[in-house]
Protein chains: 2
Amino acid sequence: MAVELRNYTLVEKEFYMEEAIKEAYRAQAKGEVPIGAVVVYQGKIVGRGHNLRETTQNAITHAEMMAIQEACQSLGSWRLEECDLFVTLEPCVMCSGAIVLSRVEQVFYGAVDPKGGATESLYQLLSDERLNHQVAIETGILEEECGQLLKDFFKKLRDKKKAKKLAERAKLNKEEIVKKD
Amino acid sequence: MAVELRNYTLVEKEFYMEEAIKEAYRAQAKGEVPIGAVVVYQGKIVGRGHNLRETTQNAITHAEMMAIQEACQSLGSWRLEECDLFVTLEPCVMCSGAIVLSRVEQVFYGAVDPKGGATESLYQLLSDERLNHQVAIETGILEEECGQLLKDFFKKLRDKKKAKKLAERAKLNKEEIVKKD
């Protein structure tokens, strides 16, 4: 069954993705992997969320899960019919499952996740006709911005680890010099 | 990579599954589809949960998700290493994703779910080596009891709908008789 997309203009799509990107920045400010999401219903954002795994020490607090839960609360229903989800990164297995279960109609995402993405990369969970709901997908919305955010975050993380290692090595060298003296 | 099972005796496995079944009864008492789960760490139950979708009107409140979240809270970590999950029904896509993300080591479940199960039926998500964690599975623990609970629930639901339809038809017939009079 082909799922027909509700029409959004390019400006609208980019507007909602910018809101998801704002959420990703909020994650980053907390030292979290910068991923953000919003749920849109009748032109309004009814759920927002960003990755909070480290802050909450709760494995399921991905951006999409937070946004879906807030949307359920806003609309007073577990059925997010006529709702669309905008997310900066291709959803994982768990989030794809939650998207299908909550009956979200369309998913728009920015960057592809070849290692863990489950809507197109590793699996095509949103179009599996054996499940009781299918979800339309559009990808590549502000892709570069969404992807760059993640690349910068992981580069900084690597640089930080490298600097730590160098500092430790320098400390060891110093201790050896002191011993020799 | 084959994942080795931590040893539980049959008595232990049935004990923990009975605890998951108790959770399923709690769901049923609230009019929810009776599914329950517990997370076990070093012989102790550190998370319990039952399906709460209708009560919370939140799409992600499956038994496994509730149990995983409680376990994360109990242990103060999103990593549920050395933790095992006992659940009355084969996990769905979302819950399988959450099990992998939270690094649960073993999943024991009762009844198979041919329509929505994602650990063996529709997908084999827990053994996918492309994901960054694999989970061992054992199935068939108190299978009949776990399955019967669900069968009875859905039979009652069908009987209730049938009775409602019959009552409506009887009401319509009565109104027609009154009109004819």
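Which residues in α4(A) meet which residues in α4(B)? A:Val93, A:Met94, A:Gly97, A:Ala98 and A:Leu101 meet B:Val93, B:Met94, B:Gly97, B:Ala98 and B:Leu101. Contact here means heavy atoms within 4.5 Å. Ala, Val, Leu, Ile, Met, Phe, Trp, Tyr, Cys and Pro count as nonpolar, Asp, Glu, Lys and Arg as charged, and the others, Gly among them, as polar.

The model is predicted: local features need pLDDT of at least 70, side-chain atom pairs count only at pLDDT 80 or more, and totals for chains, interfaces and linings use all residues. Residues are numbered from 1 along each chain as its sequence is written, chains are lettered from A and ligands numbered from 1 in the order in which they are written, and side-chain values use heavy atoms, with hydrogens and water left out.

Helix α4 spans residues 93-101 in chain A and residues 93-101 in chain B. Helices (H or I, at least four residues) and strands (E, at least two) are DSSP runs, numbered from the N terminus. The axes of α4(A) and α4(B) come within 7 Å and cross at roughly 155°. Axes are lines fitted to C-alpha atoms, for helices over the stretch in contact, and angles run from 0 to 180 degrees between N-to-C directions. The two helices are therefore roughly antiparallel. Angles under 35 degrees count as roughly parallel, over 145 as roughly antiparallel, 65 to 115 as roughly perpendicular and the rest as oblique. The crossing of α4(A) and α4(B) is left-handed. That is, the near helix is turned anticlockwise from the far one by less than a right angle; clockwise would be right-handed.

The relation between the chains was then computed.

Chain A holds an open sheet of 5 strands, in the order β2-β1-β3-β4-β5, with mixed pairing. Its edge strands are β2 (44-50) and β5 (136-139), each pairing on one side only. Two strands pair if DSSP finds at least two bridges between them. Neighbouring strands of this sheet are turned by 20° against each other on average, direction ignored. Strand β1 (residues 36-41) of chain A runs antiparallel to β2(A), joined by 6 bridges. A:Val38 stands opposite A:Arg48 in β2(A).

Two helices of chain A lie across strands. Helix α3 (residues 63-75) lies across β1, β2 and β3 (83-89), at about 145° to β2(A). Helix α5 (residues 143-180) lies across β3 and β4 (106-111), at about 60° to β4(A).

In chain B, α3 (residues 63-75) packs with α4(B) at an angle of about 20°, their axes 9 Å apart. That makes α3(B) roughly parallel to α4(B). Their crossing is left-handed. B:Glu64, B:Met65 and B:Ile68 in α3(B) meet B:Met94, B:Cys95, B:Ala98 and B:Ile99 in α4(B). These residues divide into 6 nonpolar, no polar and 1 charged.
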